[in-house]
Each structure stands twice: as structure tokens, then as C-alpha cells.
Amino acid sequence: MGRASGIAGLVVWAAISLAAGAAEALPQDDVIKEGSGLTKVYLGMTADEASHAIGEPDQNLYGFIFVHKLPDGTVLSYRIADDRIVSINFKGDGKSKYVTLRGAKLGMLRSKVVLLYGVPDAEAVNKLFYYAQGISFFFNDDLLYE
């Protein structure tokens with residue numbers, strides 16, 4: 001039994017290492033850093049700084065949520081409070097080029113996200129929350145879409 005669990009642990013470690021390695025090989029502008037955001041758009045920056053970094057938003061919802069449709073089909077949105085970005089959201093499918101530091105990407109199975117991040121801090125229908133790591137995942141038909 002010990003040998004089987006050791007092999008299973010090695011397989012999980014290898015899968016996580018490969019996914020993380022894939023994230024490291026991507027252009028840094030495409031990597032979502034947990035608890036921070038992207039290189040160009042990150043928590044704490046102002047709306048003006050974000051507009052300067054990635055252009056004017058395609059939509060301005062209510063004056064505090066800004067939406068950008070990215071060239072690969074991914075929708076990036078951010079919310080402003082006290083003139084600073086307080087949350088960043090990515091929505092899309094498996095064609096998205098964006099990936100987290102640990103290797104999670106849109107279109108990935110829920111079970112693979114759990115392999116990468118472990119047991120969530122909280123869970124709701126189709127949602128996993130990792131508060132300590134500053135990231136959450138929303139699923140549609142068991143596939144990561146937001």
C-alpha cells in the first residue's frame with residue numbers, strides 16, 4: 001500500500017510540476033499571479049493607470065466595473081473602489097492564453113484545479129474559493145470559465 005500511495009503522490013507532483021512549468025514558459029504578461037493580477041493590470045492600481053496600461057475599456061458598468069474584451073476572446077474585468085482596483089476577473093474558454101502561476105487555465109476540469117490548488121477554503125455550487133491565496137474559480141459543466 002505504501003508503494004502505491006507513493007507512486008500516486010509522485011504522479012500528482014509531476015502533474016503539478018508540469019502545469020507550473022507551462023505557466024513559467026509563457027510570456028509574463030499572460031500569467032495571472034494569485035492575489036495580484038497581471039503584470040499590466042494588478043490590484044491597487046488606479047483606473048487611469050489601467051486604461052494607460054491596456055487601453056480604454058470596452059464597457060463601463062455603473063462607473064466602477066470596467067470590461068475589456070481581449071484579442072484571444074478572454075473577457076477581463078476589474079472593479080474599482082476608492083479609486084483603486086480591488087478585484088480582477090477573467091472569463092473565457094480553453095482558447096484563452098491566460099494561466100495562473102500554478103498552471104490553472106480557463107477550460108480546465110474542476111478536478112485538475114483542485115489538484116493544483118488543494119482543498120479550497122470554501123466551496124459553493126460550481127465555485128471554489130482560495131482566500132489565503134487570493135483567487136477563486138467558477139465552473140460551468142465542470143469546466144473552469146471564470
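I looked up Phe129 and found Ser136 in β9 as its bridge partner. The two strands, β8 (residues 127-130) and β9 (residues 135-140), pair antiparallel over four bridges. Strands here are DSSP runs (E, at least two residues), as helices are (H or I, at least four), numbered from the N terminus; two strands pair if DSSP finds at least two bridges between them.

The model is predicted, so I noted its limits: local features need pLDDT of at least 70, side-chain atom pairs count only at pLDDT 80 or more, and totals for chains, interfaces and linings use all residues. Residues are numbered from 1 along each chain as its sequence is written, and side-chain values use heavy atoms, with hydrogens and water left out.

Next I checked the turn between β8 and β9. Four residues separate the strands of this hairpin, and Gly134 has a positive phi near 75°.

I then followed β9 onward. Strand β10 (residues 143-144) runs antiparallel to β9, joined by two bridges. Phe139 has Leu144 in β10 as its bridge partner. Two residues lie between β9 and β10 in their hairpin, where Asp141 in the turn has a positive phi of about 55°.

I moved to β3 (residues 65-69) and β4 (residues 75-81), an antiparallel pair with five bridges. Lys69 is opposite Val75 in β4. Their hairpin has five residues between the strands, and Gly73 in the turn shows a positive phi of about 95°.

Last, I looked at Ala53 in helix α2 (residues 47-54). Ala53 is partly exposed at 31% relative accessible area (buried is under 20%, exposed over 50%, partly exposed in between; 1.4 Å probe, protein chains only).
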